[in-house]
Structures are given as structure tokens and as C-alpha cells.
Amino acid sequence: MFSHVMVGSNDLDVSRAFYDALFGSVGGKPAMQDDKGRLIYMHDGALFMVTKPIDGEAACHANGGTIGFRMASTEQADAWHAAGVAAGGTACEDPPGVREGGFGRLYLAYLRDPAGNKLCGLHRIG
């Protein structure tokens, strides 16, 4: 369904350090940068991009928005979360752990990137 996700940042150097560490913790490669200065992360046919807003306004996070990343295990979700916090992210929501709900048992790890974007590492249990 999705081809890519793009978030805004006011400081691409800070974002690069954060996302390189975050995605590196789950086997991803460091960012490539295009001719417009956007950071591009590619994995399993999908793109995650970080850019300064094209309209010249300040970047801000979506209130109520979350970007979810599929994790292969609970251990991978924990490593992802720890790497994000160590690289300048902020833990949010409840601590990483199992949640029961309409989608079954999920292991969720939430954090915010340095620009305030809300991210979730998700592993489906069973």
C-alpha cells in the first residue's frame, strides 16, 4: 500500500545521526542524500525520507500521527528503541511491551525522533 514515508526536520544533521542509529540497529544502511539534501533510507522496497519542508516553513510533527516500523522480534524492537533513545530520541507512551487489542497481541516500542515525530517499532506475536 505504501511507497514511502517522509517526515520534516529543521536539522538534517541531527536527524541523520538519529535515523542512521535507529535503522542501523535493525540492519539498515546509513542515509543516502539526494540533490535536494533529503535523507533517503531504503529497505525491503520501501523508502523513508527526511527533508526540510519545501515551503520554507519550520518542520513540525503530526498531532496524532504515528509511523510504524515492522520488527522481526521483541528483541529487535527493544534494540531499535534503545538505539533511538541513545541517538537523541525520546521514549513516549508506555515502556516497550506487549499490548492486547483488536489486532491481537502486539509488542510495541514508541519513541519520538529529535523533531518530535512519533515512531513505533511493532512486532506481531504469534
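Let's start with the core. The largest nonpolar core in this predicted model has 20 residues. Those with the most contacts inside it are Tyr19, Leu22, Phe48, Phe69, Trp80 and Leu119.

Which elements give two or more residues to this core? Two are helices: helix 1, at 12–24, and helix 2, at 74–86. The others are strand 3 (39–43), strand 4 (46–51), strand 5 (67–70) and strand 8 (104–112). Helix 1 gives the most, with five residues.

Now find Tyr19. What does Tyr19 touch, leaving out residues up to four places away in sequence? The list is Val7, Gly24, Tyr41, Phe48, Val50, Asp113 and Leu119. Phe48 and Leu119 are also among the core residues with the most contacts.

On to the helix pair. Two packed helices are described by the angle between their axes and the distance between the axes. Here, the axes of helix 1 and helix 2 come within 8 Å. They cross at roughly 160 degrees. Angles over 145 degrees count as roughly antiparallel, so helix 1 is roughly antiparallel to helix 2. The crossing is right-handed.

Which residues make the contact? From helix 1, look for Phe18, Ala21 and Leu22. From helix 2, look for Trp80, Ala83 and Gly84. By class, five of the contact residues are nonpolar, one is polar and none is charged.

One last link between the two topics. Leu22 and Trp80 take part in this helix contact, and both are listed among the core residues with the most contacts.

Notes:
Residues are numbered from 1 along each chain as its sequence is written. This is a predicted model: local features need pLDDT of at least 70, side-chain atom pairs count only at pLDDT 80 or more; totals for chains, interfaces and linings use all residues. Side-chain values use heavy atoms; hydrogens and water are left out. A nonpolar core is a set of buried Ala, Val, Leu, Ile, Met, Phe, Trp, Tyr and Cys residues joined through side-chain atoms within 4.5 Å. Buried means under 20% relative accessible area, exposed over 50%, partly exposed in between (1.4 Å probe, protein chains only). Helices (H or I, at least four residues) and strands (E, at least two) are DSSP runs, numbered from the N terminus. Contact means heavy atoms within 4.5 Å. Axes are lines fitted to C-alpha atoms, for helices over the stretch in contact, and angles run from 0 to 180 degrees between N-to-C directions. Angles under 35 degrees count as roughly parallel, over 145 as roughly antiparallel, 65 to 115 as roughly perpendicular and the rest as oblique. A crossing is left-handed if the near helix is turned anticlockwise from the far one by less than a right angle, and right-handed if clockwise. Ala, Val, Leu, Ile, Met, Phe, Trp, Tyr, Cys and Pro count as nonpolar, Asp, Glu, Lys and Arg as charged, and the others, Gly among them, as polar.
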